[in-house]
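Me: Can we go through the charged side chains in this one? Keep it short.
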Amino acid sequence: MLEEKRAGEIRKKKIIAGFAIFLVFMWLCTVISKSIYASRLPVVTTVQTEQKYVEHIVEVEGIVIAGDKNPITALSGLRIEKVMVQVGDRVEEGDVLFTIDMEDLNAIMEEKQSQIAKLQLQIDTILQNEELARQKKALEEERARADYNSQAQYQDTLVGRAAEEINQAETDIEEQAGDEEALKDALQSAAYAEADAKWQRDNTMKDAERRVEDILLPEEESSALATSQIELADMQADLSQYQAIKEIDGQITAPNSGLITDIFISVGGRIPDSAVMLFADDAVPCQFKTTLTKEQKKYVALNDKVGLKLDGSSKETDVNVDYLAESESMPGNYEIYINLPEGKGTPGLSGVMNHTETGEKYPNCLPPAAVHQENTRSYVYVVKERDGILGMEYYVEEVSVRVLDENENWVAVEGALDSDSQVILSATKEVKNGEIVRY
């Protein structure tokens with residue numbers, strides 16, 4: 001009996017021990033299963049919304065340009081012998097900028113003098129021809145008047161003779177009464193002859209008078225003389241300009257002090273009709289020029305006070321935006337010009353303009369990485385808890401939000417969020433709505 005009792009106790013202990021081992025095994029299996037399950041889940045880090053001011057900082061690089069560029073011009077067509085300056089050189093009034101090839105200048109002047117001599121000869125010839133024409137016209141007028149007077153005397157004589165024949169016929173009628181019919185015919189013939197003589201006189205004198213009038217008509221106007229005289233005056237003016245350059249030995253100097261910003265000539269080339277150089281006048285302050293994107297332009301306005309730091313300067317200067325408009329060369333971007341204080345900056349110097357807009361204070365702000373956008377929709381992923389087959393588990397819930405404002409560090413949103421919401425900031429794998437995750 002005792003042995004059977006002992007055997008039963010031993011059996012009982014073995015059963016208990018086996019059950020315990022079974023329980024430990026099941027626990028180990030559960031732990032291992034959960035570990036394997038959990039190891040396959042995306043690991044996420046989360047953040048909570050914060051109350052923040054969403055500031056906007058605009059920082060752009062730019063360059064100093066001349067406030068006003070003055071052109072330097074010279075007589076066109078002359079050949080350049082030397083260029084004494086380069087872009088960026090500072091010059092003082094009277095400094096030599098470039099020199100003219102004197103041999104070329106002398107050749108041009110000789111050619112110009114030859115042209116002037118030929119033109120003067122043409123003008124002299126025109127004047128001589130006009131004088132000859134005047135003398136010829138005066139002689140023709142004199143002869144026409146002499147012919148007129150001669151014809152007048154001759155025609156008056158013919159009319160007088162016809163009148164004498166009428167008088168003689170009348171006398172004959174009175175003295176010879178017997179032959180009356182024949183005498184009357186003679187009188188009638190004499191009367192007709194007188195009338196014909198008067199008609200002939202009037203027409204002859206009219207023709208002679210018209211010849212005189214034709215001679216006295218003014219000659220046709222010609223622009224040849226006036227044109228030649230104008231051309232001569234222009235040539236003489238050009239020659240005087242060449243002479244003035246020759247007198248200064250072909251040295252073209254700076255009209256006042258400034259900085260050379262552009263050069264449009266080269267050694268051996270000829271001076272163009274336009275400016276040969278541009279320089280920034282020291283009397284006019286420089287400007288700072290930069291360009292904004294459409295997004296940056298939202299936070300900078302005309303007359304805004306901005307900070308400006310030029311290269312080589314140890315401190316930032318407060319300045320105002322003096323010009324703001326869309327760029328013609330880059331549509332969609334905006335150009336800014338800032339007038340610099342007198343004596344500050346030189347053309348070509350770089351600098352940085354910055355402007356900070358404090359913005360509004362928002363209750364729910366998140367880092368940009370936590371907010372996702374798809375087309376026009378914005379959303380975040382929030383981690384929530386629920387009971388699962390292996391106990392409490394974390395899952396992802398997609399929450400739609402509306403972006404109110406944003407900068408490089410923060411995005412202000414509104415939606416079904418509060419200060420306790422655990423918003424996913426990053427994950428080891430891409431997550432989706434409803435997916436199980438772990439911290």
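Me: Arg270 first. Buried, exposed or partly exposed?
Reply: Arg270 is partly exposed, at 39% relative accessibility. Buried means under 20% relative accessible area, exposed over 50%, and partly exposed in between (1.4 Å probe, protein chains only). This is a predicted model: local features need pLDDT of at least 70, side-chain atom pairs count only at pLDDT 80 or more, and totals for chains, interfaces and linings use all residues. Residues are numbered from 1 along each chain as its sequence is written, and side-chain values use heavy atoms, with hydrogens and water left out.
Me: Which residue does Arg270 form a salt bridge with?
Reply: Asp104, with the closest N and O atoms 2.9 Å apart. A salt bridge here is a side-chain nitrogen of Lys or Arg within 4 Å of a carboxyl oxygen of Asp or Glu.
Me: Where do Arg270 and Asp104 lie?
Reply: Arg270 is in the loop between strand S9 (258-263) and strand S10 (277-281), and Asp104 is in helix H2 (residues 102-175), so the pair ties together parts 166 residues apart in sequence. Helices (H or I, at least four residues) and strands (E, at least two) are DSSP runs, numbered from the N terminus.
Me: And Asp104, buried or exposed?
Reply: Buried, at 11% relative accessibility.
Me: How many salt bridges in the whole structure?
Reply: Eleven. One of them joins Arg134 and Glu131, at 2.5 Å from N to O.
Me: Where do Arg134 and Glu131 lie?
Reply: Both are in helix H2, three residues apart, about one turn of the helix. Arg134 is partly exposed at 48%. Glu131 is partly exposed too, at 32%.
Me: On to the strands. What does Lys384 pair with?
Reply: Glu397, in a salt bridge of 2.9 Å, N to O. Glu397 sits in strand S20 (residues 391-406) and Lys384 in strand S19 (residues 377-388), so this pair links parts 13 residues apart in sequence. Glu397 is partly exposed at 26%, and Lys384 at 33%.
Me: Which residues are joined into one network?
Reply: Arg79, Asp104 and Arg270, through salt bridges that share partners.
Me: New topic. Which residues gather in the negative patch on the surface?
Reply: Glu59, Glu61, Asp311, Glu316 and Asp318. Patch residues have over 30% relative accessible area and no salt bridge; like charges are joined within 9 Å, nonpolar side chains (Val, Leu, Ile, Met, Phe, Trp, Tyr) within 5 Å.
Me: Where is Glu59?
Reply: In strand S3 (residues 56-65). Glu59 is exposed, with a relative accessible area of 57%.

Note on methods
Accessible areas come from the Shrake-Rupley method with a 1.4 Å probe; for residues, only the protein chains shown count as cover. Lys and Arg count as positive and Asp and Glu as negative; His and the chain ends are not counted. The place of a charge is taken as NZ of Lys, CZ of Arg, CG of Asp or CD of Glu.
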